[in-house]
Amino acid sequence: MKNLYPLFNVIIALAAAPLMFGVINRIKAFFAGRKGPPLLQLYFDIGKLLRKGAVYSRTTGIFFRLAPSAGLIAVLTALLFIPCGAYPAVLFFPGDMVLVVYLLGAQRFCMLLAALDTGSSFEGMGAGRDAHFSVFSETVLFLCLAAMSAASGSVSLNGMLFTAGGRIWQVSPPVLVVVVFVLYIVLLAENYRVPFDDPNTHLELTMIHEVMALDHGGPDLAMLEYAAALKFWILASLPAGLLFPHGMKPDFFGNAALFLGLIALTAALTGALESCAARLRLVKVPQMLTAAAALSVVALIFLAK
Amino acid sequence: MAILLFLVPFAAGLAAFVIKSDRLRRRLLFSVACAHAVFSLYLCLFPSGGEDYRWLWFGLDALGRYFTAVFSLLFLCASFYAVIYLKEEKSRPREKKEEGLLFNNAPEAAFTGCLLVFLASMSLLALSRHFGLIWIAMEATTLVSAPLIYFHRQRSSLEATWKYLLICSVGIALALFGNLFLAVSASGQGPGTEISIDRLLGPGVRLDPLWLKAGFIFVLVGYGTKMGLAPMHTWLPDAHSEAPSVASALLSGALLNCAFLAILRFYQLCLANGLGPFCRELFLIFGILSMAVAAVFIIGQSDYKRLLAYSSVEHMGILCFAVAVGTAYGSMLQAANHSFLKGALFICAGNILAGFRSKKIADVRGIAHIMPWAGVLWFAGILAICGMPPFGAFLSEWIILKAAFSSGNLWLPAVYLFLLGVIFIGMTGTGIRMTFGVPSIPEGKKSFLSLLPALLLLLLSLFLGIYMPAALDGAVSGAAALLGGQG
Amino acid sequence: MLDVILMLLVLFNLFSLGSTRISASIRVVAYQGAAIGVVPLFLPGKIPGGILVTIVLVTLLVKAGILPWFLRYAQKRVNVRREEKPFVGASASILSGVAALGTAFFISSRLPIPFAVASPFIVPVALSVSLTGFFIIISRAEALSQVIGYLILENGIYLFGIALLLEQPLLVELGMLLDVFVGIFVMGITVFHISREFEHTDTSRLSGLADWLPEVKRSE
């Protein structure tokens, strides 16, 4: 029975991921003095979209039709490698951190292909911007993972976040705080939150990610939204795994609750930031990500000594 | 007792800032300079029984005595010129021919005060037996000489002062790293070992070679910036050409030597710990590089004060080269000759500038016809500094050449002679063009009194080249012996 | 706790490299001085408590109080807000700062300290602070920025000295502090003069004196 716990954790993740976006929206509404949409809104949206049909433009080809499902499969596969608190991941092998980043990148690639497949200029512009920023954000992500692997001595996500447990903090606590901070910045960048992109914008000229979702409808859009929620969960598990209190040794449900709580906290923080901060000018985004890269290199240098 | 060499000029300098009467101030300057020169010359030539005047962190060994005597004599002549120069400058605002602007000079009290404190800080440097104190004295000389450069309140002086301040401060900060590395290397003797020369040269003291090497590199680059070694010399031509000639003479003739002294103190430690060959290699690289850079910029130089400044870079290169080939005696002698000759040349240049109102070589022609004494001294000075016998520079450069030959590697004397030759061509060509020919202005100043110090300095150098009394030889070889060199 | 301070110093370095606003740089230098000032409290050593507290207080007063105040005064007098044309842009400066940190770690790995130190990061961080200050001096054209860079350079050297050699006769440390103090004042006064004379403090435009520029350029 114990061997199935990692699988149960994945099921919990699959179920709880859309809740996080609800948390973000509720926090934003709270800051704005509104009541806001229900916490389970994304579930209702996905359910509604699944019941609808999809309309495909005549200029689109096979990539447009395949991309949403391919992206969702990539993200689901990546989810299998993420450990959840005090329980290991379903799959792990040395070097799987590279695979996870590539799977997330593959999902982005599918979306880019679909956007370019439409043949429209707005989608092309948005795809170009997304690809441009991904150069920086993926570099930073790799550097953070390298720093974490230097601190824990393992090149597997499972090894870093589960096996090493609390020992990862013993090398140099202040440096790891910097790593957590940079991971959070990567989370914001990869999930297109403020200050890198405004998820509520309706002006095409300012869209980066929304452009990708612009043309899809019905089940395709449902898959895109769900994949976005899972991506948020995956990237939030990294700092959550670092901050998880391994010393407490919780049982299964306690562990799940703690982990869920940590990720919900991340979502709340994101919502708060989105309410209080403004979006960066497009030319400043590479500068911000370069600064984040510099911080992660600094952390790497300190941890690798 | 020797501490008076520092205290008296320091007190006089502070007094000069508050004294209102110009005459009294100038008299104070000159009398302090006389007393300082007499005292230091006495200490140098007649050291009583070899004792070194130690007290706390102060003391005068043979090296310190020799350098003090040299810059003290130079300061004496420079202060004589300064008194005359200040009297002239006082009345009218000066006009700079090339820019056609009027400018005012700084208050004379500040200038005189800074001159005296400058002497005091150089004496402090020679007196220091503690590396931290040497550092403080070096930083003090930088800060105190900056207002001297900015005496003529105009744009180019300000630019020169800024470059001087910034580059030299950065260099001295690097030298501080060297001091700290030295302290780490000395920590093997026990925590809290003070980094004083006497303590570290004591019997049975072993310094960590790795940290000592690193420290020497930092000190060479750091104090080398102050000394004017290439490639850290970029502030030197600007600062020495924009400053009034009194300050240029002192900066070129005295301050560069003091920076060399600071490096030599570190070199003493390295010698005692077996790092001699390593240090000499570094001296060789910087020495030849400085000479080469100077040679390149002397050819085709258009400003005669910058010409003299690059000649200083060259001579600092020669000093390092001399230590590298093993003749510390030649290096010491060359240091004295360079000080006197460069001082004389800058004082001449000051007179020429006063007469011709331009710093450009192209504007100065036929000095010998309208200002005969200035012409003679200028031409003789240029020849002397290029190594013409019977002046002293020939003797010291000859000693260095001999040592270069005996070092075995024939490239060394070849490069040395080649670079000296190039500089000789550049400088004497300029000297001939300036001194002879049709005069470019109708009437020149015919004051002899302001040229007297230059004459005295030239005669000093001539004396050094012709006759070496036993006391003087003892002083030079005593200094050289501390650096492990014979010759 | 010492490691936290060292990490903060590195972050301050990167911030001073990345910002072109003079007032932000002055504030960062003040924080850096304060962080360095409290370092002696976290070092194991046999210094009597009274002397230790005096050193800490004097350092804090000078590095975090007087010098930043003077720089701000100079900035107001000279009326300069930001670095208009740095030779190296913000992102490239930050990356160079990281390269400087790497270099500092490399150098310190080749120079092992012969006695026990409180943290293996002190020497690399001190060297990196100095390298950052040096980089700021050579990459900025604004005179006040160069003075700030010099202050950061001296901060790094001071950290190295105070962290490794606390038992040294402290007169020299204090003498050093005095020298830096006076040095910054003299530089500040020169900056006033520059701004009065030229109506700007952009040192890249102070290029009337040079041997390789054509003589025609002597107009400024």
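These notebook entries record what I looked up in a predicted model of a complex with chains A, B and C.

**Entry 1. Confidence**

I began with the scores for the whole complex, and the predictor gives an ipTM of 0.85 and a pTM of 0.85. I then turned to chain C, where pLDDT averages 80 and 83% of the residues score at least 70. Where pLDDT is low, the predicted coordinates should not be read in detail. I kept this in mind for the end of chain C.

**Entry 2. Chain C by itself**

I counted the elements of chain C and found seven helices and zero strands. Its pattern along the sequence is accordingly α-α-α-α-α-α-α. Of the 220 residues in chain C, 47% are buried. I also looked at contacts in chain C with a separation of 6 or more, and 76% of them join residues 24 or more positions apart.

**Entry 3. Which chains touch**

Two pairs of chains touch, and the pair of chains B and C has the most contacts. Chains A and B do not touch, and I found their nearest C-alpha atoms 21 Å apart.

For chains B and C, the contact takes 33 residues from chain B and 36 residues from chain C. On the chain B side, helix 5 (131-149), helix 6 and helix 8 (209-227) each supply at least two residues. Which helix of chain B gives the most to this side? I found that helix 6 of chain B does, with 17 residues. By class, I recorded 20 nonpolar, seven polar and six charged residues on the side of chain B that touches chain C.

For chains C and A, 17 residues of chain C are in contact with 13 residues of chain A. On the chain C side, the elements giving two or more residues are helix 1 (2-18) and helix 4 (90-110). Helix 4 of chain C provides the largest share, nine residues. I recorded 12 nonpolar, four polar and one charged residues on the side of chain C that touches chain A.

**Entry 4. The largest nonpolar core**

I next examined the largest nonpolar core, which has 361 residues. The members that touch the most other members are A:Cys144, B:Tyr66, B:Ile263 and B:Cys348. Helix 6 (residues 155-186) of chain B gives the most to this core, with 21 residues.

**Entry 5. A helix pair in chain A**

I looked at helix 4 (residues 96-117) and helix 5 (residues 121-152) of chain A, whose axes come within 10 Å and cross at roughly 175°. Angles over 145 degrees count as roughly antiparallel, and these two helices of chain A are therefore roughly antiparallel to each other. Among the residues making this contact are A:Met97, A:Val101 and A:Leu112 of helix 4 and A:Ala127, A:Leu141 and A:Phe142 of helix 5. The contact has 10 nonpolar, four polar and four charged residues.

**Entry 6. An enclosed helix in chain B**

Is helix 9 of chain B largely buried or exposed? I found eight of the eight residues of this helix (residues 235-242) buried, so it is largely enclosed by the rest of the structure. Those residues include B:Trp235, B:Asp238, B:His240 and B:Glu242. Their cover includes helix 5, helix 6, helix 10 (245-272) and helix 12 (304-325) of chain B.

**Entry 7. Backbone exceptions**

Most residues other than glycine have a negative phi, and most peptide bonds are trans. I therefore noted the exceptions to this rule.

- A cis peptide bond joins A:Val194 and A:Pro195, with omega about 10°; A:Pro195 is in the loop between helix 7 (173-190) and helix 8 (210-213) of chain A.
- A:Tyr192, in the loop between helix 7 and helix 8 of chain A, has a positive phi near 60°. With 20 C-beta neighbours inside 10 Å, A:Tyr192 counts as buried.
- The peptide bond from B:Pro389 to B:Pro390 is cis, with omega near 5°; B:Pro390 is in the loop between helix 15 (372-385) and helix 16 (392-406) of chain B.
- B:Arg357 has a positive phi near 60° and is in the loop between helix 13 (328-356) and helix 14 (367-370) of chain B. With 15 C-beta neighbours inside 10 Å, B:Arg357 counts as partly exposed.

Note on methods. Residues numbered from 1 in each chain as written. Chains lettered and ligands numbered in written order. Predicted model: local features only at pLDDT ≥ 70, side-chain atom pairs only at ≥ 80, totals over all residues. Core = buried A, V, L, I, M, F, W, Y, C linked by C-beta atoms within 7 Å. Buried ≥ 20, exposed ≤ 12 C-beta atoms within 10 Å, placed from the backbone. Helix = DSSP H or I, 4+ residues; strand = E, 2+ residues; numbered from the N terminus. Contact = placed C-beta atoms within 7 Å. Nonpolar A, V, L, I, M, F, W, Y, C, P; charged D, E, K, R; others polar. Axes fitted to C-alpha atoms, helices over the stretch in contact; angles between N-to-C directions. Parallel < 35°, antiparallel > 145°, perpendicular 65-115°, else oblique. pLDDT = per-residue confidence, 0-100.
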